[in-house]
Amino acid sequence: MMASVTSSTPQADQVERLTAQLLWEACRHHPRPDVVRGLIAGGADMNVAAAAAVDHRVAALLWRALEQSRPTV
């Protein structure tokens, strides 16, 4: 899980930024799969993203963005 605000480090700040960008991207009308994949690969905290999405009632949008970003077989 992400570091607490009181013990913020450059790495924790980066994870927090990536996680926020993932949620923002998920809320776009047309989330960009390449951006979503890049944010996840970059280190977005999926546990924090899921919890925040539920708290802010955008879980369905996050789910949609993740589903649309799955690599095709």
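Contact here means heavy atoms within 4.5 Å. The model is predicted: local features need pLDDT of at least 70, side-chain atom pairs count only at pLDDT 80 or more, and totals for chains, interfaces and linings use all residues. Residues are numbered from 1 along each chain as its sequence is written, and side-chain values use heavy atoms, with hydrogens and water left out.

**View 1. Leu 62 and its partners.** Leu 62 touches Leu 22, Leu 23, Ala 26, Ala 49, Ala 50 and Ala 53. Residues up to four places away in sequence are not counted.

**View 2. The largest nonpolar core.** A nonpolar core is a set of buried Ala, Val, Leu, Ile, Met, Phe, Trp, Tyr and Cys residues joined through side-chain atoms within 4.5 Å. Buried means under 20% relative accessible area, exposed over 50%, and partly exposed in between (1.4 Å probe, protein chains only). The largest such core has 13 residues. Leu 22, Leu 23, Ala 49, Ala 53 and Leu 62 have the most contacts inside it. Two or more residues each come from α1 (10-26), α2 (33-42), α3 (46-55) and α4 (59-68). Helix α1 gives the largest share, four residues. Helices (H or I, at least four residues) and strands (E, at least two) are DSSP runs, numbered from the N terminus. In soluble globular proteins, nonpolar side chains tend to be buried together.

**View 3. Helix α1 against helix α3.** The two helices pack at an angle of about 45°, with axes 9 Å apart. That makes α1 oblique to α3. Axes are lines fitted to C-alpha atoms, for helices over the stretch in contact, and angles run from 0 to 180 degrees between N-to-C directions. Angles under 35 degrees count as roughly parallel, over 145 as roughly antiparallel, 65 to 115 as roughly perpendicular and the rest as oblique. From α1, Thr 19, Leu 22 and Leu 23 meet Met 46, Val 48, Ala 49, Ala 52 and Ala 53 of α3. By class, this contact of α1 with α3 has seven nonpolar residues, one polar and no charged. Ala, Val, Leu, Ile, Met, Phe, Trp, Tyr, Cys and Pro count as nonpolar, Asp, Glu, Lys and Arg as charged, and the others, Gly among them, as polar.

**View 4. Thr 19 in helix α1.** Thr 19 sits in α1. Thr 19 counts as buried, because its relative accessibility is 4%. Its contacts, leaving out residues up to four places away in sequence, are Ala 44, Asp 45, Val 48 and Ala 49. The C-alpha atoms of Thr 19 and Gly 43 are separated by 7.9 Å, at 24 residues apart along the chain.

**View 5. Helix α3 against helix α4.** These axes come within 7 Å and cross at roughly 140°. That makes α3 oblique to α4. Met 46, Ala 49, Ala 50, Ala 53 and Val 54 of α3 make the contact with Ala 59, Leu 62 and Leu 66 of α4. The residues of this contact divide into eight nonpolar, no polar and no charged.

**View 6. Ala 53 in helix α3.** Ala 53 lies in α3. Ala 53 is buried, with a relative accessible area of 0%. Beyond its neighbours within four places in sequence, Ala 53 is in contact with Leu 23, Val 58, Ala 59 and Leu 62. Ala 53 and Cys 27 are 26 residues apart along the chain, and their C-alpha atoms are separated by 9.9 Å.

**View 7. Arg 57 in the loop.** Arg 57 is found between α3 and α4. Arg 57 has a positive phi of about 60°, although it is not a glycine. Arg 57 is exposed, with a relative accessible area of 80%.
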